[in-house]
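Please have the sequence and the model open as you read.

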Amino acid sequence: MTKRHLPKGTIRAAVQLLGFGIGVALLIWCVRIVMSDDNRAALEKLREATAGQVLSLLSIAAASIILNGYIFWATIRPLKKIRLSDTIAVNALATFLSYLPFKISVITRWIIHNRRDRIHTLTIGTWFLVVAVLTVVTVAPMYLAFARPDAAGWWWWLVVAGAIALAHLIAWQAARFFRGERGMARMRKVGLPESIARREWFQRLHAGASMGGDLHAVLGTTIARVLDIASFGLRFWIAARILDVPLSPEEALLIGLAYFVIGVISPFGTVGTREGAAIGMAVAAGVVTADTEQDALLTGILLVSVSEAATGLIGAGFALAWLRADKLLMGRLGRGDPDEPKPTIAREDRPGADQPDRR
């Protein structure tokens with residue numbers, strides 16, 4: 001009698017649904033704590049929030065959507081010029097879909113840019129990979145904030161900023177080393193087989209060096225990403241002010257960093273996972289100790305989440321109208337990979353080099 005094994009796709013789907021269910025359970029737990037009688041004082045303060053404070057949270061959440069749309073636009077620009085308004089709209093829709101599991105937001109980005117912007121699927125994969133690498137290069141040095149000596153003051157943030165700049169300098173120079181004809185020649189010298197170098201998938205992957213090696217793209221995305229992460233800290237600081245929770249800007253930034261990172265890496269969607277990570281970071285970093293402070297801070301975290309969800313819903317509505325979702329779903333914007341020329345290796349120093357998507 002042979003054993004029957006479940007298909008891998010079924011197992012992955014079950015894991016995704018289990019993770020999403022745990023996230024929903026975490027969110028329900030957070031809501032129950034916030035709505036409990038022990039947290040009545042924080043709820044009363046929440047009702048006293050001014051229109052200006054609420055508008056600030058919504059505006060900053062909208063700015064985050066715009067910043068991330070700019071990051072995608074600036075990264076692909078060395079290879080293909082698309083409208084900034086389009087990448088912002090796609091990001092608004094993807095931000096709203098990020099609450100769901102199965103990385104539906106990533107799949108949606110992929111489909112829209114392939115069908116609407118006529119970008120090859122392999123180019124999209126390279127594009128997303130470069131965005132992810134630049135995000136890691138920005139976020140990783142920020143964790144030096146956790147290694148801050150007790151005697152260090154505000155100047156420690158200059159150390160963190162210097163580490164971010166150094167990490168990007170290394171990444172930028174590495175990309176410049178491998179981009180273009182010279183970069184391809186260097187890889188051949190260290191043993192890259194010609195049979196691989198001539199393959200389309202490798203040439204499109206190699207085109208990623210043109211994105212990572214573009215100074216304007218690296219500078220623009222770095223500034224935008226730092227501002228984006230800072231916006232999360234600012235939102236938590238505003239929420240803490242509303243609820244009278246003693247939270248310094250540095251502590252708010254640490255909580256915002258945890259909230260951001262979990263939102264990016266969670267394969268199960270962002271529902272509940274970011275809230276759990278944020279309160280866990282607050283406790284681990286010694287930001288809050290008393291139970292009453294934890295409950296009040298959790299109220300502030302949910303306030304940030306609700307304001308972001310409201311902004312995302314509005315943004316997704318505008319995005320669907322802007323992107324003409326009706327035509328996209330019916331396939332009127334084109335199907336499959338666009339009929340574009342195979343990428344060529346351009347001269348390294350020529351302006352606009354390495355443009356596989358040029359028509």
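This is a predicted model: local features need pLDDT of at least 70, side-chain atom pairs count only at pLDDT 80 or more; totals for chains, interfaces and linings use all residues.

Residues are numbered from 1 along each chain as its sequence is written, and side-chain values use heavy atoms, with hydrogens and water left out.

**Largest pocket**

- The largest pocket holds about 900 Å³ of space. A pocket here is an open set of points on a 1 Å grid over the protein atoms alone, where a 1.4 Å probe fits, with protein on both sides within 12 Å along at least five of seven lines.
- Its lining counts 39 residues, and N68, R109, F260, G263 and V264 are the closest to the pocket centre. Lining residues have an atom within 4 Å of a point.
- By class, the lining has 19 nonpolar, 13 polar and seven charged residues. Ala, Val, Leu, Ile, Met, Phe, Trp, Tyr, Cys and Pro count as nonpolar, Asp, Glu, Lys and Arg as charged, and the others, Gly among them, as polar.
- At least two lining residues come from each of α3 (51-76), α4 (84-97), α5 (104-115), α6 (121-142), α12 (215-243), α13 (249-265) and α15 (291-322). Helices are DSSP runs (H or I, at least four residues), numbered from the N terminus.
- α6 gives the most to this lining, with seven residues.

**α3 with α6**

- The axes of α3 and α6 come within 10 Å and cross at roughly 120°. That angle makes α3 oblique to α6. Oblique is what remains after under 35 degrees (roughly parallel), over 145 (roughly antiparallel) and 65 to 115 (roughly perpendicular).
- Axes are lines fitted to C-alpha atoms over the stretch in contact, and angles run from 0 to 180 degrees between N-to-C directions.
- I71, F72, T75 and I76 of α3 meet T123, W127, F128, V130 and V131 of α6. This contact (heavy atoms within 4.5 Å) has seven nonpolar, two polar and no charged residues.

**α3 with α4**

- α3 and α4 cross at roughly 125°, and their axes come within 8 Å. The two are therefore oblique to each other.
- On the α3 side, the contact uses I65, I66, N68, G69, Y70, F72 and W73, and on the α4 side L84, T87, I88, N91, A92 and T95. Eight of these residues are nonpolar, five are polar and none is charged.

**α12 with α13**

- α12 packs on α13 at an angle of about 115°, with the axes 7 Å apart.
- R225, D228, I229, A230, F232, G233, F236 and W237 of α12 meet P249, A252, L253, I255, G256, L257, Y259 and F260 of α13. The classes here are 12 nonpolar, two polar and two charged.

Technical notes. Grid points are joined across faces, edges and corners, and a volume is the space filled by probe spheres set on the points.
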